[in-house]
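Hello,

Here is the structure I promised to pass on to you.

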Amino acid sequence: MSTNAELKLYKTLADAGDASAQNRLGLMYQNGDGVPQDDAEAVKWFLKAAEQGHADAQFNIGSRYHHGKGVPKNDTEAVTWFLKAAEQGNANAQNNLGLLYQDGKGVPQDDAEAVKWYLKAAEQGNTNAQNNLASRYRDGKGVPQDYDEAVKWYRKAAENNNTDAQNNLGLMYLNGSGVEQDYDVAIKWFLKAAEQGNLDAQYNLGCIYQDGKGVSIHYATAIKWFVKAAEQGHAQAQYSLGLMYSSGLQDYAEAARWFLKAAEQGIADAQYNFGVILEEGRGVKKDPASAEVWYGEAAEQGHEEAKKRLEKLQNN
């Protein structure tokens, strides 16, 4: 927490045109550090510093435009500022520029350009960029598919505690992609990420214990990890819990609760299964009208069984 004396000093320096102090003041307002949190005031100071060529401030103002905080969301403007910072070697800006090229936001979609910027940031040790670059090699987007290269970059980021990379490296070991298949090593990396709150890793551990890959099947442990991810909104974990409660555990009320959460996030299989529970009145009040709605949602996504159930209900 910044003190009043520090705030006064930064304000004096910022008013005198010191770009570093202006950027620091912007961060204070952005984070509510020693001052009331104020996105518009943060933008004001970031912009003053950015216009003087301060790379970190250019990244910060780009982020404000990208997220629409203190200014209207504008990815074209975000790209302008990220590019200025990236060309000065700001690794965070380089990574974000890669993401925007990957997604075609504010610029035409361009996988090769995304890879270019990821590589610049990755070589500076930016773990998010290393993870993103690895995924480009894994998927063959913007570069020829190369699992060895993917593993190399995932490992660099994972060893520096990037939880997304730890999860992705676990998947490479789970599937034997670029490395010899090794469930024990996969579990090691999933566990590192999961214990730090990575939802995908928590879900993957749930699958490991549900399916018995490298461990004995242990449904209680599977449920524990699925619940951790599901309670934070992981749709596939919610759906998996629905399946476990509706089949082996035979607790349809709990199954309905989890199917509904996943269904509301657009998981077609969950929409279908929630429809079945409603139609048959398992663990919930029988409600064919609501079942028809959920079958319709799933059918719109091409779910064939939902289409059949929907047609049958509509013809009754």
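Predicted model: local features only at pLDDT ≥ 70, side-chain atom pairs only at ≥ 80, totals over all residues.

**Helix pairs and a pocket**

Residues are numbered from 1 along each chain as its sequence is written, and side-chain values use heavy atoms, with hydrogens and water left out.

Back to that pair: the axes of helix 2 (residues 19-31) and helix 3 (residues 39-50) cross at roughly 160° and come within 8 Å. Helices here are DSSP runs of H or I with at least four residues, numbered from the N terminus. Axes are lines fitted to C-alpha atoms over the stretch in contact, and angles run from 0 to 180 degrees between N-to-C directions. Helix 2 passes helix 3 in a left-handed crossing (the near helix is turned anticlockwise from the far one by less than a right angle). On the helix 2 side, the contact (heavy atoms within 4.5 Å) includes Leu25, Gly26 and Tyr29, and on the helix 3 side Trp45 and Phe46 are among the residues. By class, this contact of helix 2 with helix 3 has eight nonpolar, four polar and two charged residues. Here Ala, Val, Leu, Ile, Met, Phe, Trp, Tyr, Cys and Pro count as nonpolar, Asp, Glu, Lys and Arg as charged, and the others, Gly among them, as polar.

The axes of helix 9 (residues 147-159) and helix 10 (residues 163-175) come within 8 Å and cross at roughly 140°, which means that helix 9 is oblique to helix 10. Helix 9 also passes helix 10 in a left-handed crossing. Their contact includes Tyr154 and Arg155 of helix 9, with Leu169 and Met172 of helix 10. Its residues divide into ten nonpolar, two polar and one charged.

For helix 5 (residues 75-87) and helix 6, the axes come within 8 Å and cross at roughly 140°, so helix 5 is oblique to helix 6. The crossing of helix 5 past helix 6 is left-handed. Among the contact residues are Val79 and Phe82 of helix 5 and Asn96 and Leu100 of helix 6.

Finally, the pocket. Residues lining the largest pocket include His66, Phe82, Asn96, Leu100 and Asp103. Helix 6 gives the most to this lining, with six residues. By class, the lining has three nonpolar, seven polar and two charged residues. A pocket is an open set of points on a 1 Å grid over the protein atoms alone where a 1.4 Å probe fits, with protein on both sides within 12 Å along at least five of seven lines; lining residues have an atom within 4 Å of a point.

Best wishes

Definitions and conventions. Helix = DSSP H or I, 4+ residues; strand = E, 2+ residues; numbered from the N terminus. Parallel < 35°, antiparallel > 145°, perpendicular 65-115°, else oblique.
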